[in-house]
Amino acid sequence: MAPSLLGGFTKSLAMTVLSEIGDKTFFAAAILAMRHPRKLVLAGCLTALIVMTVLSASLGWVAPNLISRKWTHHVTTLLFFLFGIWSLWGGFKEDGESEELAEVEVELDADFKSNKGESKNKSKANDDTKKQQRPFIMQFFSPIFIKAFSITFFGEWGDKSQIATIGLAADENPFGVALGGILAQALCTTAAVMGGKSLASQISEKMVELSSGVLFLLFGIMSLLSGPEGQL
């Protein structure tokens, strides 16, 4: 029985929302939006997340063609349980304060001050010269877009949500997983950019970790009961 589109969509949507709310890239988008035009920050962050989601879903789609579906199903089930325990452990250890928000803010503050100091007191002539000397891609994309894209893309690389998306796409309909992931990323990133630091500071990392841990364990149990053929 082929995995359903709706099943992949709903699982990916729920998993991605809980994985991305309170994530490092979520905080980065919120802080960047306070210092740069929101449209550019949203476009850069969201483009990076869409690219990452499509890449992850594609890897998950290819996996069953390289390894038997039985083994990819078992690996995915194991990943769900591992991520569930990992998230619950992190949630119980969390003291409720947003340490990751403070960490991201410090990193971006240092970068922002460095860039601000370099750009101060520059003449228009120097700006024009630098523009002509920019790499080819920089002449077509705003530096703010590139910055938001790169921070988000490399921040997500190897993240728990990326690996979980690969595993989910290997066991569910990859198109549904990609659609659910993209919608979830759009919702989370838009909330971060529009809500800014005030919204980010209100998020309880403890509750997010505990909720995502329960969800991962639930997916693991469902996957264990369904078997490689996807039937309960």
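A: In this predicted model, confidence is highest in helix 3 (residues 38–66), with a mean pLDDT of 89, and lowest in helix 6 (residues 124–133), with a mean of 45. Here pLDDT is the predictor's confidence in each residue, on a scale from 0 to 100, and helices (H or I, at least four residues) and strands (E, at least two) are DSSP runs numbered from the N terminus. Over residues 117–132 the pLDDT falls below 50, and this stretch has four contacts in the model beyond near neighbours in sequence; contact means heavy atoms within 4.5 Å. For the chain, the mean pLDDT is 77, and 72% of the residues reach 70 or more.

Residues are numbered from 1 along each chain as its sequence is written, and side-chain values use heavy atoms, with hydrogens and water left out. Because the model is predicted, local features need pLDDT of at least 70 and side-chain atom pairs count only at pLDDT 80 or more, while totals for chains, interfaces and linings use all residues.

Residues 40–63 are 100% helix and 0% strand, with their end C-alpha atoms 35 Å apart.

One partner is helix 2 (residues 24–35), which packs with helix 3 at an angle of about 155°, the axes lying 8 Å apart. Axes are lines fitted to C-alpha atoms, for helices over the stretch in contact, and angles run from 0 to 180 degrees between N-to-C directions. Helix 2 is therefore roughly antiparallel to helix 3; angles under 35 degrees count as roughly parallel, over 145 as roughly antiparallel, 65 to 115 as roughly perpendicular, and the rest as oblique. Ala29, Leu32 and Ala33 of helix 2 meet Arg38, Val41 and Cys45 of helix 3. By class, this contact has five nonpolar, no polar and one charged residues. Ala, Val, Leu, Ile, Met, Phe, Trp, Tyr, Cys and Pro count as nonpolar, Asp, Glu, Lys and Arg as charged, and the others, Gly among them, as polar.

Another partner is helix 8 (residues 160–171), whose axis comes within 7 Å of that of helix 3 and crosses it at roughly 40°. The two helices are therefore oblique to each other. From helix 3 the contact takes in Met52, Thr53, Ser56, Ala57, Leu59, Gly60, Trp61, Ala63 and Pro64, and from helix 8 Gln162, Thr165, Ile166, Ala169 and Ala170. This contact has nine nonpolar, five polar and no charged residues.
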